[in-house]
Structure formats: C-alpha cells, structure tokens
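Reader: I have a model open and would like to know what stands behind the words used for it. Could you take me through them?

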Amino acid sequence: MAEILAAGEAIERALALLEGGDVVAIPTETVYGLAGDASNGVAVARIFEAKGRPRFNPLIAHVADHGMAYRIAEFDPLSAKLAEAFWPGPLTLVLPQRPENGIHPLVTAGLDTVALRMPRGFGGELIARLGRPLAAPSANSSGRISGTTAQAVAADLGDRIRLVVDGGATPVGVESTILKVEDGKLRLLRPGGIAAEEIEQVAGAKLLRGAKGIEAPGMLASHYAPGASMRLNAQHIVRGEALLAFGRNRAENWRDAVAIRNLSETGDLREAAANLFAAMQALDRSGAKTIAVEPIPFDGLGEAINDRLARAAAPRDKIA
Ligand code: TXA
Ligand code: MG
C-alpha cells in the first residue's frame with residue numbers, strides 16, 4: 001500500500017523515488033498528478049502502467065519556472081504572454097518542441113509538440129529541486145475520475161505506487177485549460193481551470209473552439225504516424241523491410257532486414273514501451289517502405305504498445 005506523507009515532510013522521499021525512476025502521486029492546484037521524470041522513458045512507462053491506460057496519450061510536462069519552459073519549447077509571442085499572465089496556474093500550452101530538449105518521446109507520444117504547464121505549490125518546488133520536468137497525467141486509474149484528495153488517490157492507485165504526497169483537497173478541482181496557438185490564433189483544446197473569458201481578455205481575441213482534426217487531445221491522429229507502412233505480427237522478414245523486434249527470438253530471415261531495433265532484448269514490456277517511439281522513428285528514417293513488427297504480448301503495457309502499433313498500421317486515411 002502506498003505511503004501517504006504530508007507535503008511539508010515528503011519532498012526528500014519524493015525526490016529519491018523520482019531520481020530512481022519511480023512514480024509519485026503529487027498534489028497540484030487542479031487535481032493530483034501521477035508524476036515521473038519526463039526525461040526517463042522507463043519512469044514514463046511506469047506512469048502508463050500504474051494508470052492501466054490502454055493507450056499512450058501524450059502527457060503534460062510540468063516545469064518549475066519560465067526558464068525551464070523556454071528550454072523545452074518555442075514560445076510564440078501570444079503563448080509567452082499567456083504564460084506570463086497565468087503561470088504558475090491551471091493553464092497548459094501546446095508548443096513546438098526544441099531539439100534535444102530532454103523530453104522523452106513517450107511523454108509526447110512521438111509528436112513534435114509538447115504540452116507544458118507550471119503548477120502552483122508542492123509540484124513546482126519538487127520540480128525545481130529535481131531540476132528536470134515531471135510528466136504527470138491525472139492520478140487516477142484509466143476510466144476513473146481524477147483524484148482531488150490524497151485519500152482518493154491512495155484508494156484508487158495505492159496498491160500500484162509507493163508514495164502519495166498529501167497536500168489536502170486540490171483548490172481548483174478540475175484539470176487545466178489546454179490551449180494551442182495556430183497561425184496566430186488561439187484554440188481551446190480542453191476547457192479547464194481557467195475560464196475561456198479570462199483567457200480571451202488577456203489574449204485580446206476570441207478562442208477558436210473544437211479541436212481541429214489531428215490536434216484533439218487524446219484523439220488517434222494526435223500520435224506520431226510513420227511514413228513507412230507497418231506489418232504486424234511478422235513471423236518472417238521480406239527483403240527490404242525494416243524490423244521492429246521484441247524479445248530473444250527473431251523472425252525468420254531477420255538478417256534480410258535493412259535496419260533492426262529491438263524494443264527489449266529481455267522481453268520487458270516496460271522497457272519496450274519506453275523505446276517504442278524512438279525505435280519507430282529510427283526505423284522510419286532507414287528509408288524502408290515497410291516496418292515488420294514481431295508479435296508483442298498483450299499483457300500489462302503490451303496492450304498500449306499493440307494499440308499504438310495497430311494505429312500506425314491502419315490505412316492512413318483512417319487515422320484522421
Ligand atoms: O490539470 C491538469 O492538466 C492535470 C494535472 C496533473 O496537471 N493533468 C492532466 O493530464 O489532466 P492528462 O494526461 O490527464 O491530460 C493531458 C491532456 C490529454 O488530453 C492529452 O491528449 C493532451 O493533454 N495533450 C498532451 N500533449 C499534447 C500535445 N502535444 N498536443 C495536443 N494535446 C496534448
Ligand atoms: Mg486525466
């Protein structure tokens with residue numbers, strides 16, 4: 001069962017767990033978050049595992065200050081103005097990523113954008129001490145409502161995580177508002193803790209509403225789609241294909257593959273999840289027209305891995 005520690009005495013323990021690649025439930029002003037080091041793929045895989053999420057949605061990267069945010073993403077003037085006005089606070093901005101920004105591709109599901117937020121209170125202090133951003137979705141198992149007290153989080157996730165930091169009931173109680181600037185216009189991707197009217201006042205313009213196709217949070221096409229086509233459950237390799245391997249046993253004729261990445265030599269699904277997006281991108285860069293994928297079991301994180309692969313294998317006009 002997870003330990004529950006008051007925020008005032010939890011910081012050292014939380015830091016030790018995060019530095020060890022583990023996850024910790026922390027209070028933010030919106031809802032509790034299930035946090036892991038955003039630069040550590042195995043830590044991020046553990047977040048999905050603990051939530052039992054059947055798919056890899058992109059997560060919010062939480063930062064301690066504006067400097068950390070500016071090192072991770074490119075800020076257009078309007079996004080910068082909103083960050084100045086509302087951070088720290090319940091606002092998330094979706095922005096283009098800077099190269100080599102340390103954000104693990106499992107955080108962004110391989111997208112070239114990243115969702116950033118600067119939380120108030122314990123989370124901000126913890127991130128400043130860690131010196132790295134924290135990936136954190138709401139601290140609830142998949143399909144349940146977001147936890148707004150440490151007790152609710154412990155009751156839901158307590159047998160899967162080691163620490164819940166108790167900061168009392170979260171003051172805002174709903175998730176952050178998610179915004180994205182597109183061609184100088186501001187789009188509301190998810191309504192949340194800051195009212196649209198408040199944002200419109202600062203922005204000096206109306207918000208566009210309704211996610212535009214591929215930008216919708218949680219929608220399928222918001223995920224990285226490789227240029228190569230994918231062939232799943234491959235038992236053998238056709239000359240010219242690239243191979244996405246898993247475990248110790250190779251598909252027949254595997255030496256004919258033009259490029260190979262193994263998601264996990266030992267068949268560890270957590271490691272495989274952490275490697276998934278980078279491996280798909282690397283094989284895509286090999287120029288192969290087809291990526292053959294060895295069978296991957298469906299247990300644990302295997303469900304989310306297979307979900308992602310099935311989307312990548314679907315006909316492109318179905319991914320919209
Ligand atoms: O208040 C909150 O936002 C809480 C606390 C813990 O910070 N977090 C939260 O995270 O609600 P989560 O993972 O439950 O929701 C994040 C949303 C998802 O709908 C996801 O699809 C969207 O953000 N998102 C993340 N990255 C994105 C991106 N690059 N483009 C579009 N949407 C993105
Ligand atoms: Mg959530």
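Reader: Why is Val 94 called buried?

Author: The relative accessible area of Val 94 is 12%, and buried means under 20% (over 50% is exposed, in between is partly exposed; 1.4 Å probe, protein chains only). The value falls under that limit, so Val 94 counts as buried. Please keep in mind that this is a predicted model, in which local features need pLDDT of at least 70, side-chain atom pairs count only at pLDDT 80 or more, and totals for chains, interfaces and linings use all residues. Residues are numbered from 1 along each chain as its sequence is written, chains are lettered from A and ligands numbered from 1 in the order in which they are written, and side-chain values use heavy atoms, with hydrogens and water left out.

Reader: What is Val 94 in contact with, leaving aside its neighbours within four places in sequence?

Author: Contact means heavy atoms within 4.5 Å. By that rule the partners of Val 94 are Thr 113, Val 114, Ala 115, Ile 178, Leu 179, Lys 180 and Leu 189. Ala 115 is 21 residues from Val 94 in sequence, yet their C-alpha atoms are 4.2 Å apart. Val 94 itself sits in strand β5 (residues 91-96); strands are DSSP runs of E, at least two residues, and helices are runs of H or I, at least four, both numbered from the N terminus.

Reader: What makes helix α2 "mostly covered"?

Author: Of the 11 residues in α2 (residues 41-51), 8 are buried. They are Gly 41, Ala 43, Val 44, Ala 45, Ile 47, Phe 48, Ala 50 and Lys 51. Their cover includes β3 (33-37), α5 (105-108), β7 (134-135), α7 (150-157) and α9 (269-285).

Reader: How do you know that the protein is as compact as a globular protein of its length?

Author: With 10 helices and 15 strands in the protein, we can turn to its radius of gyration, which is 20 Å. That radius is taken over C-alpha atoms, and the globule rule is 2.2 Å times the number of residues to the power 0.38. For 320 residues the rule gives 20 Å, and the protein is close to that, so the description holds. Of those 320 residues, 55% count as buried.

Reader: What are the two domains, and how many residues of each are in contact with the other?

Author: Domain 1 covers 3-209 and domain 2 covers 229-318, with bounds from an automatic or database domain assignment. Their C-alpha centres lie 30 Å apart, and 15 residues of domain 1 are in contact with 14 residues of domain 2.
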